[in-house]
Amino acid sequence: MKTRILIAIAGVLVLAGAAVAYVGFASARGHDPTATGVVSLEPGPRLLFRSTGDADRGHVATVPVADPGGPRTVSPLSCARVYAAGGTGLCLRQDGDLTTYQLAVLDSGLAVQREIPLVGLPNRARVSASGRMLAWTVFVTGDSYNGGTFSTRAGILDTATGDLAGTLEDYAVTLDGKPYQAADLNFWGVTFTRDDRRFYATMSTAGRRYLVAGDFAAHTVRTLRENVECPSLSPDGTRVAFKSAVDGDPAKGWRLSVLDLAGSKVTPLAETRSVDDQPAWLDDHTIGYGLPRGPGHADVWSVPADGSGAARLLIPDADSPAALGS
């Protein structure tokens, strides 16, 4: 987690200009601008990501699904974390020249529709399939129960009504079928169902991490199972990709798996390296995720969702992937 914090800080740049962009060619050493273009969040066969290349670190970019390692279109917009779906984007970014951060709601042309101050370091971002619901996670310090180390805060915004849940810690919690209250509740890694009301997330308390199911309208969450972090709901709504601590100990790293929600079967994926990221479904059969590669650099990798095959490099010099879909 702390490695991801350092990457996020190094990657944050200031917003500049409109959504006119340039196309470059990705390589392990970077890419050179060759033509102009426009980054759009409209649904289509493209992958959205945040560049970690030296020439445009932090900038929002896209590549064609058919050629993810090839020409990229790079916008002037910079984010520490980005995600998009349904023509709506979510950019967690530095607040101008300040050392604080903000949430920027984007339309399909990357124009900012709303800004919300954030207290903490950006870490996770998600948008519901319709583009209506937005969720984010930040790292914070100062919680008395946590001995000066980092805690997390997760929030949700309904862009249709303007309703804002600044922290899920205010929700009513049911743990193992019983009402539960504790000062050390932490939430992170939200993912939405297609009804734009229900969601899944990670909750931690008393040293344990749980997959929880939440209801935005009812302001409730309930635990489902332990040792599931950063869930990501599949496009068909039947499976959750997630990371889990090896032997239940985050100090040993995390492995990616997929949980079948109906039968509770867990399928470990072919990626054997530690992945400290919220996975993203690139299609019904493929999971994408970022892996750090030296200070300030990362790459997006993919792996089959059924446990077969092997991990492969998808987008060099990139993190924070999202499939814009059809």
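1. Disulfide geometry. The torsion about the S-S bond of C79 and C91 is about -115°, so the disulfide is left-handed. The sulfur atoms of C79 and C91 are 2.0 Å apart, and the structure holds one disulfide. The model is a predicted one, and these values should be read accordingly.

2. C79 sits in the loop between β5 (71–78) and β6 (81–85), while C91 belongs to strand β7 (residues 88–94), so the pair ties together parts that are 12 residues apart in sequence. Are the two cysteines buried or exposed? C79 has a relative accessible area of 0% and is therefore buried; C91, at 0% relative accessibility, likewise counts as buried.

3. Overall composition. The secondary structure comes to one helix and 28 strands. The protein has 326 residues, of which 55% count as buried. It exposes about 13,300 Å², and carbon and sulfur atoms supply 52% of that area. Among contacts between residues at least 6 apart in sequence, 45% join residues at least 24 apart.

4. Most residues other than glycine have a negative phi. Against that background, two residues deserve a check. L110 is not a glycine, yet has a positive phi of about 75°; it is found in the loop between β8 (101–106) and β9 (112–118). C230, also not a glycine, has a positive phi of about 50° and lies within strand β20 (residues 229–233).

5. With a relative accessible area of 10%, L110 is buried, because the cut-off for burial is under 20%. C230 is buried as well, with a relative accessible area of 0%.

6. The sheet β10 to β13. Four strands form an open sheet in the order β10-β11-β12-β13, with antiparallel pairing. Its edge strands are β10 (121–127) and β13 (164–165), each of which pairs on one side only. Within this sheet, β11 (residues 133–140) and β12 (residues 151–158) pair in the antiparallel sense over eight bridges. F139 stands opposite T152 in β12.

7. Strand β18 and its partners. Which strands pair with β18, and over how many bridges? Eight bridges join β17 (residues 198–205) to β18, and the two run antiparallel. Six bridges join β18 to β19 (residues 220–226), again in antiparallel fashion. L211 of β18 can be followed to both partners: T202 stands opposite L211, and in β19 the bridge partner of L211 is R225. Strand β18 (residues 208–215) is mostly covered, with six of its eight residues buried.

8. Turns on either side of β18. β17 and β18 form a hairpin with two residues between them, and A206 in that turn has a positive phi of about 55°. β18 and β19 form a hairpin with four residues between them; here H219 in the turn has a positive phi of about 60°.

9. Seven bridges join β25 (residues 286–292) to β26 (residues 298–304), which run antiparallel. T286 stands opposite P304 in β26.

10. Surroundings of P268. Which residues does P268 touch, not counting residues up to four places away in sequence? The contacts of P268 on that basis are R255, L256, S257 and G307. P268 itself is placed in strand β23 (residues 266–268). P268 and S308 are 40 residues apart in sequence, with a C-alpha to C-alpha distance of 9.3 Å.

Notes: Residues numbered from 1 in each chain as written. Predicted model: local features only at pLDDT ≥ 70, side-chain atom pairs only at ≥ 80, totals over all residues. Heavy atoms only, no water. Buried < 20%, exposed > 50% of the residue type's maximum accessible area, 1.4 Å probe, protein only. Contact = heavy atoms within 4.5 Å. Areas by Shrake-Rupley, 256 points an atom, 1.4 Å probe, with all protein chains shown as cover. Pairing = 2+ DSSP bridges. Disulfide = S-S within 2.5 Å.
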